[in-house]
Amino acid sequence: MFRFRLDGSSGVPPYLQLVHQVRQSLLLGYLREGDRLPTVKDVAGDLAINPNTVVKAYRQLEHEGLAGGRPGQGTFITATSSPALPEAQQALRESLEEWLRAAEEAGLSSEEITALIAVARHDLKKEKVS
Amino acid sequence: MTQNDAGDSPLALRTDHLGRRYGRVWGLRDCTLEVPAGAIVGLVGPNGAGKTTLLEMIIGLLQPTEGQLSVFGETLHAPMTARLARVGYVAQDHPLYRDFSVADMFHLGRSMNPSWDQELAQARMEALDIPLKRKVKALSGGQRAQVSLSMALAKRAPLLVLDEPVSSLDPVARLEFMREVMATAAESGLTVLIASHVVSELERFCDWLIVLTGGQVQLAGSADDLIAEHQVLTVPRATLDADLPGFPVHRTDSDRHSTVLVRTEQGRPVAREHPGWQADPVGFEQLIMAYLQRPSRSAAKDDTAQAAARPGPSTKAVSR
């Protein structure tokens, strides 16, 4: 059975941490289509977390098409990781490594690189919103 | 499953201008709240803010001086037994008789509560490996807390009130205690009211929030709504409070810029209305700390402080 974890000091809202873990596990192949997610009660009791937070996370996963509830049975993973994904990921990783090498050669510290990525993501998000 | 939208769900707790005076000093005043059934509520405030006064009125230990209070529909006029049956209570120091065994404590609980669920109490002790024969004085702090919790849950009351439940426990015992509370809430739709100083832990437990300072409610509502109604703005230092799009809750001025937590309408795109300003969502802990640091309404007499102490629809008039 899939088990969630929670980092109380990460600053990421608890329900998003749960959503992220499912997304990530799907990408890494730890979760597959048809797998049952733990019940709300199990997650609440396991992590000492508000059951409504678990409900909210599962709703978000359903909304994203990654999971679905079956009445009386629980919540199941419905998504298959797209077969194109590993290849796309590989290509992205290569270009990212290339970019990181260029940033290092340009003299950017690890912190500056992280800050630059954060700023770029922030701006991209803004573009999408406006 | 529990729902936290106030819409059609019955109210677990309702207070209307509730107040309690000790001699000439008001311990709590003008407290108006509605908490839906199934919510897990964090009650936060510094010492002397009125938390214990509110809790003791809810559990029936203290009579209000003014105002109304009802717990799952049972008002102050209902017979005491009916009111008490609605609330399970775990006090801060987990008061149990030291020379009693766990079984003795349960016997006491059964004789005092008509709806007592002996099976539930015993099953919980078994699951936690706490022998029924053991004397209270031989239990660890964490085990005592668990016995207190089991006694509160065995009452089968729809509202569970926890006063600083974990402040005396070590981290592992705290976690185990709250795991029990959350699992029970998930299973039975229990409404839980947790008074706590440990603000950083509340985000994982609570979906509803009440902040008290100086005997006044500063902030109350569903955590999701409250988070959505607040934004952290980074603005030029010269920006006047009156020019902010919403009510300034907490402001920190630097040399050239200021960081202001404002209360606005949900989802207002402040950053788009003001190019050059930065708007960020507020964190749970940050939100609570900002309200805890506000001067309380009873201490300040002018109109702005009055408005500040009750941010809500009326204060949105500040925005333009």
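Predicted model: local features only at pLDDT ≥ 70, side-chain atom pairs only at ≥ 80, totals over all residues.
1. For chain A, the domain assignment gives domain 1 as residues 14-77 and domain 2 as residues 84-129. The C-alpha centres of domain 1 and domain 2 of chain A are 29 Å apart.

2. In chain B, strand β9 covers residues 208-213, and because six of its six residues are buried, the strand is largely enclosed by the rest of the structure. The side chains of a regular strand alternate between the two faces of the sheet. In β9(B), W208(B), I210(B) and L212(B) point one way, while L209(B), V211(B) and T213(B) point the other way, and all of these residues are buried.

3. Which strands pair with β9(B)? One of them is β3(B), residues 40-44, which pairs with β9(B) in the parallel sense over four bridges, and here V44(B) stands opposite V211(B). Another is β10(B), residues 216-222, which runs antiparallel to β9(B) and is joined to it by six bridges, with L212(B) standing opposite V217(B). β9(B) and β10(B) form a hairpin that has two residues between the strands, and in the turn G214(B) has a positive phi of about 55 degrees.

4. Where the two chains meet, 21 residues of chain B are in contact with 16 residues of chain A. On the chain B side, the elements giving two or more residues are α6(B), residues 171-188, and α7(B), residues 199-205, and α6(B) gives the most, with eight residues. The residues on this side of chain B divide into ten nonpolar, four polar and seven charged.

Note on methods
Residues numbered from 1 in each chain as written. Chains lettered and ligands numbered in written order. Domains from an automatic or database assignment. Buried ≥ 20, exposed ≤ 12 C-beta atoms within 10 Å, placed from the backbone. Pairing = 2+ DSSP bridges. Contact = placed C-beta atoms within 7 Å. Nonpolar A, V, L, I, M, F, W, Y, C, P; charged D, E, K, R; others polar.
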